[in-house]
Amino acid sequence: MRSSCQFDEWCVSFVKANPQSTVLHIACGLDSRINRISTRLPKELQWIEVDRPEIMNLRKKLDLADGPHQVGYRLLEGDVTNLKWLKNVPSVRPTLIIMEGLLMYLQPEHGKHLIKQLVDRFPRGQVVCDHMGTLMCLFSSWNWISMFKERRVKFQWGLTDPTAVAQLDVKLRLLTSIPYPILPPWFGYWKSKVLFAIPLVRNNMG
């Protein structure tokens, strides 16, 4: 929830500075961000949600296929490992690319390719994303941690430093980075606070 709220604020800040812009939400899932912040969006905005066909069908069944009437809104079927859909996204406007809860599930080569293709496609704009550190990726492969075992979650791409994303292309520049304040609840609050005081641990979690 904390991460989503921060993404909301970054989104609002970008579209306020760039009213005639595009928001490209990749791997949107069932996220309802556009409805949460609809009253703060300029009418000139274009908002595009991208995800796999089965997710888009589910959005339609759950009445999540329509955005606020005051902005241009559409759904676009596409997979992050096959970027043919990218040519259907206009590139003339400043573009905010949202990738929340995505990069850590990709193989590193797929994630790097995705980011490079996005940078080449959109010459003006910003990317907002989250990532997991290498320790969290390691934890996700341990079957004795119930959170990962029960949900069959396994993170693939871990980054020890948020600047690693910016280093993928000379046109990228890191504007800000906000670390998670504590480890997940299953680890324990006070143990999390103690461990997060150690830079090596903090930088490798996410």
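Which residue in β4 is the bridge partner of V23? In the predicted model described here, local features need pLDDT of at least 70 and side-chain atom pairs count only at pLDDT 80 or more, whereas totals for chains, interfaces and linings use all residues. Residues are numbered from 1 along each chain as its sequence is written, and side-chain values use heavy atoms, with hydrogens and water left out. The bridge partner of V23 in β4 is L96.

The secondary structure of the chain comprises 9 helices and 5 strands; helices (H or I, at least four residues) and strands (E, at least two) are DSSP runs, numbered from the N terminus. Read from the N terminus, the order of elements is α-β-α-β-α-β-β-α-β-α-α-α-α-α. The accessible surface, computed by the Shrake-Rupley method with a 1.4 Å probe and, for residues, with only the protein chains shown as cover, comes to about 11,500 Å² for the chain, and 54% of this area belongs to carbon and sulfur atoms. Of the 206 residues, 43% count as buried; the term denotes under 20% relative accessible area, with exposed meaning over 50% and partly exposed in between (1.4 Å probe, protein chains only). Contact is defined as heavy atoms within 4.5 Å. Among contacts between residues at least 6 apart in sequence, 71% join residues at least 24 apart.

Strand β1 (22–26) is joined to β2 by 5 bridges, and these two strands run parallel. Strands are taken to pair if DSSP finds at least two bridges between them. A further 4 bridges join β1 to β4, again in parallel. The strands β2 (residues 46–51) and β3 (residues 72–77) run parallel and are joined by 6 bridges. Strand β1 is mostly covered, with 5 of its 5 residues buried. Of these buried residues, T22, L24 and I26 point one way from the strand, while V23 and H25 point the other way.

Together, β2, helix α3 (residues 53–61) and β3 form a right-handed β-α-β unit. A crossover is right-handed if, with the strands pointing away from the viewer, the path from the first strand over the helix to the second runs clockwise. The buried residues of α3 are I55, M56 and R59. Viewed down the axis of α3, these residues fall within an arc of 100 degrees, so they line one face of the helix; the arc is that of the directions from the helix axis to the C-beta atoms. The buried residues of α3 pack against β2 and β3. Helix α3 is followed by D63, whose phi is positive, near 60 degrees.

The largest nonpolar core contains 24 residues, of which L24, I26, W85, M99, L114, I115 and L118 touch the most other members. Such a core is a set of buried Ala, Val, Leu, Ile, Met, Phe, Trp, Tyr and Cys residues joined through side-chain atoms within 4.5 Å. At least two residues of this core are supplied by each of β1, β2, β4 (95–99) and α4 (108–121). Helix α4 contributes the largest share, 4 residues. Apart from this core lies another, of 16 residues, among them V15, L41, V71 and I98.

L114 is found in helix α4 and counts as buried, at 0% relative accessibility. When residues up to four places away in sequence are not counted, L114 touches V80, L83, M99, L102 and L106. L114 and L83 are 31 residues apart in sequence, with their C-alpha atoms 7.9 Å apart in space. With the corresponding exclusion of residues up to four places away, L118 touches L24, I26, L86, I97 and M99.

Two loop residues complete the description. A27 lies in the loop between β1 and α2 and is partly exposed, with a relative accessible area of 23%. The phi of A27 is near 60 degrees, a positive value in a residue other than glycine. Most residues other than glycine have a negative phi. R40 lies in the loop between α2 (33–36) and β2 and is partly exposed, at a relative accessible area of 35%. Not counting residues up to four places away in sequence, R40 touches E9, V12 and V15. R40 and C11 are 29 residues apart in sequence and 9.9 Å apart in space, C-alpha to C-alpha.
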